[in-house]
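Let's take a walk through this model, starting from one residue and then stepping back to a chain-to-chain contact.

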Amino acid sequence: MGACQSFREMCDREKNTNVHLSLPAVCIVWQTAMIILFGVFMRYDHESDAHWVEHRKHSNLTDIENDFYFRYPSFQDVHVMIFVGFGFLMTFLKRYSFGGVGFNFLIAAFGLQWALLMQGWFHWLDADGKIRIGIENLINADFCVAGCLIAYGALLGKVSPVQLMVLTLFGITLFAVEEFIIISVIHARDAGGSMVIHTFGGYYGLSVSWMLYRPNLHQSSRLQGSVYHSDVFAMIGTLFLWMFWPSFNSAICDHGDGQHRAAINTYLCLASTVLTTVAISSLFQKHGKLDMVHIQNSTLAGGVAAGTAAEFMLMPYGCLIVGFCCGIISTLGYIFLTPFMEKHLKIQDTCGIHNLHAMPGVVGGIVGAITAASASIEVYGHEGLVNTFDFMDKFKDMVPTTQGGHQAAGLCVALCFGIGGGIIVGAILRLPIWGDPADDNCFDDETYWEVPEEEEMSPTFICRGFVLFSYQTNDAVIAFCCSRLYCIQSPLDGSTAQFWDYSHILM
Amino acid sequence: MGACQSFREMCDREKNTNVHLSLPAVCIVWQTAMIILFGVFMRYDHESDAHWVEHRKHSNLTDIENDFYFRYPSFQDVHVMIFVGFGFLMTFLKRYSFGGVGFNFLIAAFGLQWALLMQGWFHWLDADGKIRIGIENLINADFCVAGCLIAYGALLGKVSPVQLMVLTLFGITLFAVEEFIIISVIHARDAGGSMVIHTFGGYYGLSVSWMLYRPNLHQSSRLQGSVYHSDVFAMIGTLFLWMFWPSFNSAICDHGDGQHRAAINTYLCLASTVLTTVAISSLFQKHGKLDMVHIQNSTLAGGVAAGTAAEFMLMPYGCLIVGFCCGIISTLGYIFLTPFMEKHLKIQDTCGIHNLHAMPGVVGGIVGAITAASASIEVYGHEGLVNTFDFMDKFKDMVPTTQGGHQAAGLCVALCFGIGGGIIVGAILRLPIWGDPADDNCFDDETYWEVPEEEEMSPTFICRGFVLFSYQTNDAVIAFCCSRLYCIQSPLDGSTAQFWDYSHILM
Amino acid sequence: MGACQSFREMCDREKNTNVHLSLPAVCIVWQTAMIILFGVFMRYDHESDAHWVEHRKHSNLTDIENDFYFRYPSFQDVHVMIFVGFGFLMTFLKRYSFGGVGFNFLIAAFGLQWALLMQGWFHWLDADGKIRIGIENLINADFCVAGCLIAYGALLGKVSPVQLMVLTLFGITLFAVEEFIIISVIHARDAGGSMVIHTFGGYYGLSVSWMLYRPNLHQSSRLQGSVYHSDVFAMIGTLFLWMFWPSFNSAICDHGDGQHRAAINTYLCLASTVLTTVAISSLFQKHGKLDMVHIQNSTLAGGVAAGTAAEFMLMPYGCLIVGFCCGIISTLGYIFLTPFMEKHLKIQDTCGIHNLHAMPGVVGGIVGAITAASASIEVYGHEGLVNTFDFMDKFKDMVPTTQGGHQAAGLCVALCFGIGGGIIVGAILRLPIWGDPADDNCFDDETYWEVPEEEEMSPTFICRGFVLFSYQTNDAVIAFCCSRLYCIQSPLDGSTAQFWDYSHILM
């Protein structure tokens, strides 16, 4: 679209979105740093090391008791959620599908390397100063990345890839510290990460978005919706997230009943959410029509809220109740809260992560605290209680009610890290050096991607006055107006465009 | 499309498709009922309960022998088939992709809860009146839902979401009774559900469709095809169904060789089906061109037919033969039977479930009966025979030939329940209270979904006389005709539309 | 598009693309041959046979130690890569998505049957002349098919389905021989198939493409690009390949640490590749914009290169380095090498398999040789070394340095088979009997598929002189020109089309 591009480029002159040097530089520098740090710190753990054969015989284990076979299927499901789930959920915008799925891919691939290091330093450091990795580390790294991808949801379409890399670097760092405090220091349990992942990630993204508020975002409102097929693409993301959420919440649970119960609980929670989401969506729309935004997002809220308590004896009916409430809260959030936040709180939340992750995450934290506080030996059995809540070592004297308090404390930590961290990182991202798009260029893949030229005739977006439609051939844009036929030849080599008026042949 | 919508709404006045109150009411009432019933009946089984640690030590098991690790990977594959497989297979219509994947989501999420209860009451009720659930129940619930989703395939585009909820409620109920009779009373084996799921679901849907026959469905024939990209979306569904069918047929088989053999058998059956589907599709089309409808559907018939005999010693070549035949039958069904049934039997079968599920299901039942009847100790080994056919307890004196008869009886039960149940439920669904669409509004997402407005220029569907195309700006629809340029300003707030003729500027 | 079709058909008369008889004949004949050969040779192995119950007790195994539970999750991931991964990766062309995903489906389903036989004869033949199959055979068959699908990538859009069947038949045959020589004779290790699958498949496809060089391919250059949504479809393929590549490389590794380590190594390799791909893509484009072709393909190069060494102690930092290099090499390949090869070497490589498979495959082979040669007892432990490199039986005296040499020899064999086999098969495929498309009909689904008629108005591709656009109603094509309005009524029953000029009403 030679002519259109020239026009756009002129508009862009005010704001430099050229990441020609900064993006490659950041990628190469950070990847090189990863190689060096991995060389210094990263080794295989004894289940993935070639010494396993000896270790296995020594510990009298069979091959199938390698942790790989307990967790690899769940890991792959989580992996699908991170890359296809989150990625395709963000393809719903009519002209930002490349950015949605592509940048998600980029920052997840970078983030997981940094997460392996950060989490390794906090949780997996051996006596010899090496991090020993196995399948559980890969799952945890994917979890850690999820927090940053959630934050990306709020910023979708409004930031440059370089900003996203910075957002991810700091996000992962904050996540690892926050996780260490919540899990190891406070000894809160959070198998599916309602607090650690969703509450943190949600408020982190919202705070950054608040710092990056764009008062003139309406200038790109023409691109802020979906088209029919982009909504279908987004459903791929929704469904893979929905289906695999039981794996997400059970992936790092205890072997045996822990993983088993977490999967069942999450499955039930999610089923219930779908029904109430549909109910509320239909109730608040004209003629009872369903809104795809709700179906794509709010149906997942139950999985978020089941995170903390997934491993607990939440009971099947308890799961349904949690899902019931979350579907309602989340859908009402899309209808009332998101517009309110944009208008009055200056928080622009592209994907509505407040309704999908932040609020349900808080609900999940509260549900977790209540469930923990009300745990009893009758329900869990003595060994089951110790096992589920890890009442061992220095926490061996802990009782459920105290655990409930610790859970609540964990939720507060997640909130503080999310909001505080987001404000600081947001301030950094406001620096005018990151190549972010102008207000009228948001939600547009043209800014950072080579977008294929559509041969199909389409009404030109720069339609001023009389242009009805234009279409493009190899070397020309033909503009057909109410009363005129223009031909604009805009050579691909960048030389000066020429212009003819062929209107006489119309008459 | 302000103006278009007004026009549509006028047409719709004859038939009230407004589900503004009924859909939310049904969702909320039924979800509440589920919560109460789950509260009364549903508990964790001893492999997902926190008491597992004690149970495990007592039974001298290791964690990896928890049923979770035998079945969870298969469960997740089945889950993908239900939500992405069936869902995306039904996105092939040009303007009913939302309804295809969205309503599939809704009724599956509702259905699996009801299935857990119904199947629990029949199969898993403990002495204390509680249903104990574990991973196998989740798989069975997904199976149960599959029957209703198959039925939905025949009705795609012609029913309201409320009708679908009713269809599902009764479908699940009938399924559970039918399954109980076939599996527990008659003692037929049906690991992959050729009879229980596909034959039942297929004829259930066809009978309902027969009861809901629409003589004037041709009025929406303009929407009854696919577009290029909707066909590609449908291939997502096809491929996930095709790939994961070995998991479907092996998910609830015996541990060890049962699951192993079922997966191999199904894999071979499906491979063979693809070749004959392509052959027949090419043979009966002008110029040997392939038809996407066949590739999307008939390639799956082998998986259906492998269901009953999946666990048996069908032998690799036997699988190829079954697949060979099913590809031919199913494709011929699409070419000859579907038009015949619509014209002469008044059965309108949108997705052709008769060719994909009903017929191959019957074939599968027959293959199962033959394979069972011809089982021998030479092939199975004594223990293998007992194990495969469950010749235990009150059936310990059964022999393969008798088993063959029982299999055939099971097939008849599935047929009766499908046809009988479908006629009754169809009669209920004919009541004029469910908000189903008018004949000229079928296959159109506009009826039940907020559909994004396309900014792209498109020929208006209400094209009468001279309108060549129309397109829409923020506040106006511009209609360009052969000799005239109209501008229709149709404010979003619902106030009266205005109309100008700007044709003079064309001259 | 009655009128358009007539026009096309006229053009096609020069080249007969009618596969009306040849395609069904090939499918039926080959599938029948498969049934006969399976009947003669194929049986269940002792883990999938009903005798397992007895075998298990005899060998003192538990059900969970059936190989099924070690490999089935990986198998399903590989299966997804073959059908959805490769299939959707090839949907990127604007008008060849049906052919991309559909023919991929066809040849994979055929190829895996032939692969089970060929690999069975070479590797799994029992004393009684029967092939015993289990889950590992299914994985190997999928691997074998992958080689041919890679070759298809080079030929995408330029060959007929019959040619593809022939390509696959010979490809699988060559693969099985080559694999036998490399793995069994030379005793090279190649868990993820960098040499056996990717190097072979890549050069096989390129050689065939060289033999089928089309000097006038530019005649269909209008179809040789993507459109916005076809690029998003291709991302489905990319992501499923990327996510499941750890399963691909670990699927047939040793139980325990072998599978565990292979998965970790591949995961790290792939993460690193994404970053350098983005860096190079951005660096070499105007304005630093990313190119979807690179993101879709080069991000996968790391998985290819990790294949041979996946099971070795490559060390986490080693993986990152391999991925780092491959991202750079592969992306530079797309930018410089592919155009060079097309212009100067007469190799037309539609999907750029040289950059995605061939080159990274060679890199993987070299990395494997170096890693093997530098293996030591300190790193692997004595038992680990024997276990990882299979220094058993007649190879029990082998040392790592020799193994390195054997690895290098394996790479040469793969190259020779790829290039030599490709030239021979290419010569066969040049025979004018296979129904391949004319130069101006390449990359067009119309040739072999019933393509749904688009109701949307689209600029006619046969635009000559004055036709601006055409669109279609039920029984007419309306062509609107600069100065004329034509109506061409082209009845569906094939009777003579009529033509009116309504231009007078425009005036």
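What follows looks at one histidine of chain B and then at the interface of chain A and chain B. Keep in mind that this is a predicted model.

Start with H229(B), which you'll find in helix α9 of chain B, a helix covering residues 228–250. Is this histidine buried or exposed? Its relative accessibility is 12%, and the cut-off for buried is under 20%, so H229(B) counts as buried. And what does H229(B) touch? Leaving aside residues up to four places away in sequence, the list is H229(A), V227(C), H229(C), S230(C) and F233(C).

Now step back to where chain A and chain B meet. Chain A puts 86 residues into the contact and chain B puts in 89 residues. The size of an interface is often quoted as the accessible area that is lost when the parts come together. For chain A and chain B, that comes to about 7400 Å², with 74% of it on carbon and sulfur atoms.

What about the polar side of things? Between chain A and chain B there are 26 residue pairs in polar contact, counting pairs with both residues at pLDDT 80 or more. The rule also finds one salt bridge across this interface: the side chains of E383(A) and K57(B) pair up, at 2.5 Å from N to O.

Which elements does chain A bring to the side that touches chain B? Those giving two or more residues include α4 (67–89), α9 (228–250), α13 (316–344) and β3 (467–472) of chain A. The largest share, 18 residues, comes from α10(A). Sorted by class, this side of chain A has 49 nonpolar, 25 polar and twelve charged residues.

Terms used:
Residues numbered from 1 in each chain as written. Chains lettered and ligands numbered in written order. Predicted model: local features only at pLDDT ≥ 70, side-chain atom pairs only at ≥ 80, totals over all residues. Heavy atoms only, no water. Helix = DSSP H or I, 4+ residues; strand = E, 2+ residues; numbered from the N terminus. Buried < 20%, exposed > 50% of the residue type's maximum accessible area, 1.4 Å probe, protein only. Contact = heavy atoms within 4.5 Å. Buried area = accessible area lost by both parts, 1.4 Å probe. Salt bridge = Lys/Arg side-chain N within 4 Å of Asp/Glu carboxyl O. Polar contact = N/O pair within 3.5 Å; in protein donor to acceptor, adjacent residues only side chain to side chain. Nonpolar A, V, L, I, M, F, W, Y, C, P; charged D, E, K, R; others polar.
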